[in-house]
Amino acid sequence: MSNNYRIAIYLRLSRDDGNEESQSIQSQREMLNDYVQRQGWQVFEEYSDDGYSGTNFNRPDFQRMLNDIESGKINMVITKDLSRLGRNYIQVGYYTEEYFPEKGVRYIAVNDGYDSIDEDGNDFVPLRNFMNEWYAKDTSKKIRSILNQKAKNGEPRKTSVPIYGYAFNDKNERIPDSETASVVRLIYSKFIETGSVKKVALFLTENRYPTPAYHNAIKYKYDRKKILALPEDKLYSWNVSTVREILKKDEYLGVYRTAQTKSINFKNKRRFDNKDCYVFENRYEPLVDKDTWYLAQSLLKTSKGSSIGVDDNIFKGLVYCMDCEKSMRVRREKNYSGEYVYSFSCHHKDCLGSNYILMNVLEKVVVIISLPEQPLKRSESCRRLSVRFEVKKRF
């Protein structure tokens, strides 16, 4: 019977398992190969997941092993102990009590003395699985506590790639990137000049500025294979959403956020936005000044589809409905004489009013006396433009 075994050894290690040499992938490999040889068997296939948590069973090589079991290639699985299989006692119990027996797979956890063909010697396995999960939960809790304290202190953490426009120094702090910081400043300058995100994207494309994705692929090798497989024109083709995201980021004012995402619990590794993240202002060198950034935010409040330049529309993003207090959309249309005229109207469905005003009327009743230091609040309707405008006469 032993000669018919097609044996798989499965190795797993994550940071939750500590840094002891006895836990390393190499030590697991040596131990299991030695065990198999002493039994007079041979290893058919090795599966290894290095850096994967035991609470998550969606591991690449673990899934590959399951596929080989399904196809009949494997009929014995050996691990160093039960925790190498996993640290979720419900899932581990499913594989040891249901899945492996159903597929005719013999399972051995060497250090725990577990062998699925020895029914009398496996009574304490559920308790071991429970303790393995408790260990993972306790370790995860300690790690989260340490990481949260670091986030609270604003300690920098290096990500796969820095935010576009910045690079990392040797302390993982953001510093202006010599290649892209000037591009970020150019984007803000062109947007304020034209008032159109689309025009900025076209300018960058026509002048063949490398996209952020292309820059990251070359400099940081991030998604390199996927990006470099794209047609060359795509590497310089900027889209409106990319430009808009750059214009919206207050990180370019030197703002730094930590703990921006969180998971539900130690079993569910999916990340969600954290509304209670920590925010630190003036943490590093800004790429744009406050006046420029706040003016850009005001301009962004206009219609997404508008391409009317600032020279033609000095009120862009600054006019709000007095009823629903939301931004009014700028429109360009022909009048009865066939001339183009600009107007502002409220387009929100839940607004009870139907406010509308021509831009030439605004030009007659108000005059700009200063650039905004902060974006208008929604409560600042057309009647309250005196915050930044001197009213010549009442509407």
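Let's start at helix α7, residues 197–206, where Val197, Val200, Ala201 and Leu204 are buried. Those four cover an arc of only 100° around the axis, which puts them on the same side of α7. And what does the face turned away from the buried side of α7 carry? There you'll find the exposed residues Lys198 and Glu206. Before we go on, please keep in mind that what we have on the screen is a predicted model.

The C-alpha atoms of Lys198 and Arg244 are 9.1 Å apart in space, although the two residues are 46 apart in sequence. Arg244 has its place in helix α10, residues 240–248. Is Arg244 buried or exposed? With a relative accessible area of 15%, Arg244 is buried, because buried here means under 20%.

If we follow the chain out of α7, we come to Arg208, in the loop between α7 and α8, which is 212–219. Most residues other than glycine have a negative phi. Arg208 has a positive one, near 55°, and it is not a glycine. At 39% relative accessibility, Arg208 counts as partly exposed.

Where else does a residue like that turn up? One is Asn172, with a positive phi of about 65° although it is not a glycine. Asn172 sits in the loop between β6, residues 166–168, and β7, residues 174–176. Its relative accessible area is 26%, so Asn172 is partly exposed as well.

While we're in this region, have a look at Gly165, in the loop between α5, residues 125–152, and β6. Gly165 counts as buried, at 1% relative accessibility. How far apart are the C-alpha atoms of Gly165 and Val183? They are separated by 7.4 Å, and the two residues are 18 apart along the chain.

How many aromatic pairs does a search of the whole structure find? The search finds 20. One of them joins Phe57 and Phe62: their centres are 5.6 Å apart and there is 70° between the planes, making the pair edge-to-face. Both partners are buried, with Phe57 at 7% relative accessibility and Phe62 at 0%.

If you'd like to colour the rings together, Tyr10, Phe57, Phe62, Tyr94, Tyr95, Tyr99, Phe100, Tyr107 and Tyr114 form one aromatic cluster.

The charged end of Arg59 sits over the ring of Phe57, 4.7 Å from its centre. Elsewhere, the charged end of Lys190 sits over the ring of Phe203, 4.3 Å from its centre.

Let's walk along α4 from its start. There, a side-chain oxygen of Asn88 reaches to within 3.1 Å of the backbone nitrogen of Ile90. What about the span of α4? Its 14 residues should span 20 Å at 1.5 Å a residue, and the end C-alpha atoms are 19 Å apart, so the two values agree. The buried residues in α4 include Val92, Gly93, Tyr95, Thr96, Tyr99 and Phe100. Just after the helix, Gly104 takes a positive phi of about 70°.

One last stop, back towards α2. Ser53 lies in the loop between β2, residues 43–50, and α2. Which side chain does the side chain of Ser53 make a polar contact with? It is that of Thr55, at 2.8 Å. Ser53 is buried, with a relative accessible area of 15%.

Terms used
Residues numbered from 1 in each chain as written. Predicted model: local features only at pLDDT ≥ 70, side-chain atom pairs only at ≥ 80, totals over all residues. Heavy atoms only, no water. Phe/Tyr/Trp six-rings, centres within 6.5 Å; stacked < 30°, edge-to-face > 60°. Buried < 20%, exposed > 50% of the residue type's maximum accessible area, 1.4 Å probe, protein only. Lys NZ or Arg CZ within 6 Å of the ring centre and 35° of its normal. Helix = DSSP H or I, 4+ residues; strand = E, 2+ residues; numbered from the N terminus. Expected span 1.5 Å × (residues − 1). Polar contact = N/O pair within 3.5 Å; in protein donor to acceptor, adjacent residues only side chain to side chain. Arc of directions from axis to C-beta.
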